[in-house]
Amino acid sequence: MMRVIRTLVVAFVVLATGACTIVDETEIAVKKSFGGDVSEEAVRQGIQSYIAPWNWGASFTKYPLREVQFPAEGRAEVIEILTSDQLKVAIEGALRYRIEPEAAVSLYLTVGGPRDVHSYVYNAYRSAARDAVAGFTATELLSQGRDAVGERIRELVGARIVDKGIILTDYFVRDIDPPEKIRVAIEEKLAAEQEIERERHRIQIEQAKAEQRRAEAEGIRDAQRIIAESLSPSYLAYERIKALHAAAIGENNTIIDVEGNVSPIVGGLR
């Protein structure tokens, strides 16, 4: 008798555990009855047994509450898009999104299950990326950088999925690969700009040197003008007398005056 009871208990446990679904803390579920009615409220964490009368024939669609990254495992999606000047560029990017728990039922009714939601977000991303890039020429796209185009794509994607209860939590552009001729043109432009900058710097140095020489010349000119204005005939005569006196008491007994005349001084003035 005890063996029969143990067998029945084991059979009941196996049947019970096999006839239930578990919604863990990282999920939320939408319940659909056997008759096709969808529950108005999402199912939170817990065990939902199909043995319970209210769950007979029901199905549960579970959505993750954690962020979903696309592509998975840190990879990036590469899509080729035409710019406004009809040049093809490759955008390498990745995004993350999450589902608002309160919107799970509405999301189930309007979009579908998790795979449908993922396809919806992916299509919204590709459409937004095309629209964003179409607003730039290839040169503008590269000159404004990854941040500018990434921000524009983020705005467009977020606006297209938020009304479904899907929140874009992050989007970033890892790389922009332009056409070869644009790459060459940009490299040539950068090289030319660097050469212009070097020439501008050289000219500034030469201008600074010229200003310095001009200032020095003006200083010498002003000094000469001041000296010339201060040399009166009486002052010059006084200086000549001082020079004659110095020569007379020195070793040199011959002087040359300003007119080139040689005047020996005999005997000195010792």
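**Salt bridges, strands and cores in a predicted model**

The count of salt bridges comes to 10. Side chains of opposite charge can pair when their charged atoms come close. One of these pairs joins R126 to E77, with 3.6 Å between the closest N and O atoms.

E100 is partly exposed, with a relative accessibility of 26%, and R98 is partly exposed at 30%. In helix 5, which covers residues 180–230, R200 and E197 lie 3 residues apart, about one turn of the helix. Their side chains meet in a salt bridge of 2.6 Å, N to O. R200 counts as partly exposed, at 42% relative accessibility, and E197 does as well, at 45%.

The strands come next, with strand 7 as the guide. Strand 7 spans residues 88–99 and runs antiparallel to strand 5 (residues 68–70), with 3 bridges joining the two. Within this pairing, Q69 stands opposite R96 of strand 7. Strand 7 also pairs in the antiparallel sense with strand 6 (residues 77–82), over 6 bridges, and E80 is found opposite A90 of strand 7. The hairpin made by strand 6 and strand 7 has 5 residues between the strands, and in this hairpin Q86 takes a positive phi near 60°. A further antiparallel pairing, over 10 bridges, connects strand 7 with strand 8 (residues 166–177). There, L95 stands opposite Y171 of strand 8. In a regular strand the side chains alternate between the two faces of the sheet.

Attention now turns to the nonpolar residues. In soluble globular proteins, nonpolar side chains tend to be buried together. The largest nonpolar core in this model has 36 residues, and I91 and V117 touch the most other members. Two or more residues are given to this core by each of several elements: strand 2 (27–32), strand 6, strand 7, helix 2 (104–110), helix 3 (114–133), helix 4 (138–161) and strand 8. Helix 3 provides the largest share, 8 residues. Apart from this core lies another one, of 5 residues, including V23, A29, V43 and A58. As for I91, its contacts beyond the neighbours within four places in sequence are E77, V78, I79, I81, V133, L141, Y171, V173, D175 and I176.

Aromatic rings give another view of how the parts meet. A pair of aromatic rings is described by the distance of the centres and the angle of the planes. The whole structure holds 2 aromatic pairs. In the pair of F70 and Y122, the ring centres are 5.0 Å apart and the planes lie at 65°, so the arrangement is edge-to-face. Because F70 lies in strand 5 and Y122 in helix 3, this pair ties together parts that are 52 residues apart in sequence. F70 is buried, at 16% relative accessibility, while Y122 is partly exposed, at 23%. Y125 and Y171 form a tilted pair, at 5.4 Å centre to centre and with 50° between the planes. Y125 lies in helix 3 and Y171 in strand 8, so the pair ties together parts that are 46 residues apart in sequence. Y125 is buried, with a relative accessibility of 1%, and Y171 is buried too, with a relative accessible area of 1%.

Finally, two residues of strand 3 can be followed. Q48 is found in strand 3, which covers residues 46–49. Because its relative accessibility is 18%, under the 20% limit, Q48 counts as buried. The side chain of Q48 makes a polar contact of 3.3 Å with that of N55. Beyond the neighbours within four places in sequence, the residues in contact with Q48 are A19, C20, T21, V43, N55 and F60. G46 also lies in strand 3 and is partly exposed, with a relative accessible area of 23%. With the neighbours within four places in sequence left aside, G46 is in contact with T21, I22 and V23. G46 and I28 are 18 residues apart in sequence, and their C-alpha atoms are 9.8 Å apart in space.

Note on methods
Residues numbered from 1 in each chain as written. Predicted model: local features only at pLDDT ≥ 70, side-chain atom pairs only at ≥ 80, totals over all residues. Heavy atoms only, no water. Pairing = 2+ DSSP bridges. Helix = DSSP H or I, 4+ residues; strand = E, 2+ residues; numbered from the N terminus. Core = buried A, V, L, I, M, F, W, Y, C linked by side-chain atoms within 4.5 Å. Buried < 20%, exposed > 50% of the residue type's maximum accessible area, 1.4 Å probe, protein only. Contact = heavy atoms within 4.5 Å. Polar contact = N/O pair within 3.5 Å; in protein donor to acceptor, adjacent residues only side chain to side chain. Phe/Tyr/Trp six-rings, centres within 6.5 Å; stacked < 30°, edge-to-face > 60°. Salt bridge = Lys/Arg side-chain N within 4 Å of Asp/Glu carboxyl O.
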